[in-house]
Amino acid sequence: MDDIKPVAGRDYPRTWSEFQDWFASDEACAAYLEQLRWPNGFCCPACGVVDTPGRATRGRLICRACRHQSSVTAGTIFDKTRTPLRVWFAAAWYLTSQKQGVSALGLQRVLGLNSYQTAWALLHRFRRAMVRPDRDLLHGTVEVDETFLTLKRRATGRRAAAKGKTRGGTSHLLAIAVAVEVHPPKGFGRVRLRRIEGPTIDAIVPFVREHVAPDATVRTDGSPIYYPLQAAGLAHDPRVILGSKAPAHKLLPGVHRLASLLKRWLLGTHHGAVHPHHVDSYLDEFTFRFNRRSSRSRGMLFYRLIQQAAVARPVTYVNIRDNQPGQRPPRGLPGLVELNG
Ligand SMILES: [Zn+2]
């Protein structure tokens, strides 16, 4: 998808005022979405024929070959929502034009939405579209490590606060696997993040195999959980300096920088209010932003987000609220937690 270079002002708006001109109506948004979803022309979801569709009322598209009726939003994250496309698009623009992203409350305020729930669901649907399933593997030298988010049960009510229950309550560690391309001397390439059950061989080795190219060099600390990487056919470069007191951030500067940026972002933009069921979504958004941090234009991020949303599979509100399909929630975690600063 990244092979066609989109052009500012032609493929995506350059400014908010241009955005408003382009997307003044739901019809204009639908036409844009259609272009991104089917760049080579409408492809019937029922029979696969590529042909100009017939058009009926309310944006319905009719396949000329099999008469199947569909729409540009059917089968995407925009499917079956009552939120107008104009609001979706404005949310995508706001989400991508803010360097650090936006909280649901912030989005609700700026778009003047009646419900917090709507803003929250919009953001989570977009996060689902932020990481493409067909993304490339990491190449070159790749640092791999685990980091931990310390989640703490959020105290409710004054009594808990008075009793000092905010402190010393149960803390839970959430393990996150981190892989980042390092470009010497001080640069970083792309990143991959994933919640794992714990820092174990069973969690780390599949993570590395799934995200790191077979010809890459994997740089880790000296932990034995990385020993099997060599047996798995990867070039493994464990950073163990005998007798050295070099701190970990000197040995693996990339992953430590990443972990601290991630925590700062969760505490800053999202005020540390991270539900453990949704940690994966936040990791996806962080990855999207980090990997596109050098994009010259924020409009380009908007373009990529809408483009990926146009092909991402639909999710329901209940899907998002309860869990991620296909992903287990972390075991033994309380419902309401916050990230420890
Ligand atoms: Zn058809």
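The accessible surface of the protein comes to about 17800 Å² (Shrake-Rupley method, 1.4 Å probe; for residues, only the protein chains shown count as cover). Carbon and sulfur atoms hold 51% of this surface. The model is predicted: local features need pLDDT of at least 70, side-chain atom pairs count only at pLDDT 80 or more, and totals for chains, interfaces and linings use all residues. Residues are numbered from 1 along each chain as its sequence is written, and side-chain values use heavy atoms, with hydrogens and water left out.

The protein has 13 helices and nine strands. These are DSSP runs numbered from the N terminus (helices, H or I, at least four residues; strands, E, at least two). Of the 341 residues, 46% are buried. Buried means under 20% relative accessible area, exposed over 50%, and partly exposed in between (1.4 Å probe, protein chains only). Among contacts (heavy atoms within 4.5 Å) with a separation of 6 or more, 65% join residues 24 or more positions apart.

The largest nonpolar core has 46 residues. Such a core is a set of buried Ala, Val, Leu, Ile, Met, Phe, Trp, Tyr and Cys residues joined through side-chain atoms within 4.5 Å. Tyr-32, Phe-78, Phe-89, Phe-126, Phe-302 and Ile-306 touch the most other members. Helices α2 (26-37), α3 (85-97), α4 (104-111), α5 (116-128) and α12 (298-309) each supply at least two residues of this core. The largest share, nine residues, comes from α3. Leaving aside residues up to four places away in sequence, Ile-306 touches Tyr-32, Leu-33, Leu-36, Phe-78, Phe-89, Ala-92 and Phe-126. A second, separate core of 21 residues includes Leu-149, Leu-174, Leu-266 and Leu-283.

Helix α2 buries Cys-29, Tyr-32, Leu-33, Glu-34, Leu-36 and Arg-37. Their cover includes α1 (16-22), β1 (54-55), β2 (61-62), α3 and α12.

The zinc ion is coordinated by the SG atoms of Cys-44, Cys-47, Cys-63 and Cys-66, at 2.3 to 2.4 Å. Donors are N, O and S atoms within 2.8 Å of the metal (3.2 Å for Na, K and Ca); water is not among the atoms, so sites may look incomplete. The donor residues are spaced C-x2-C-x15-C-x2-C in sequence. The arrangement is tetrahedral because the four donor atoms subtend angles of 106 to 112 degrees, and four donors count as tetrahedral if all angles lie between 85 and 135 degrees. Cys-44 counts as buried, at 2% relative accessibility. Cys-47, at 37%, counts as partly exposed.

Note on methods. Tetrahedral: all angles 85-135°; square planar, octahedral: opposite > 155°, others 65-115°.
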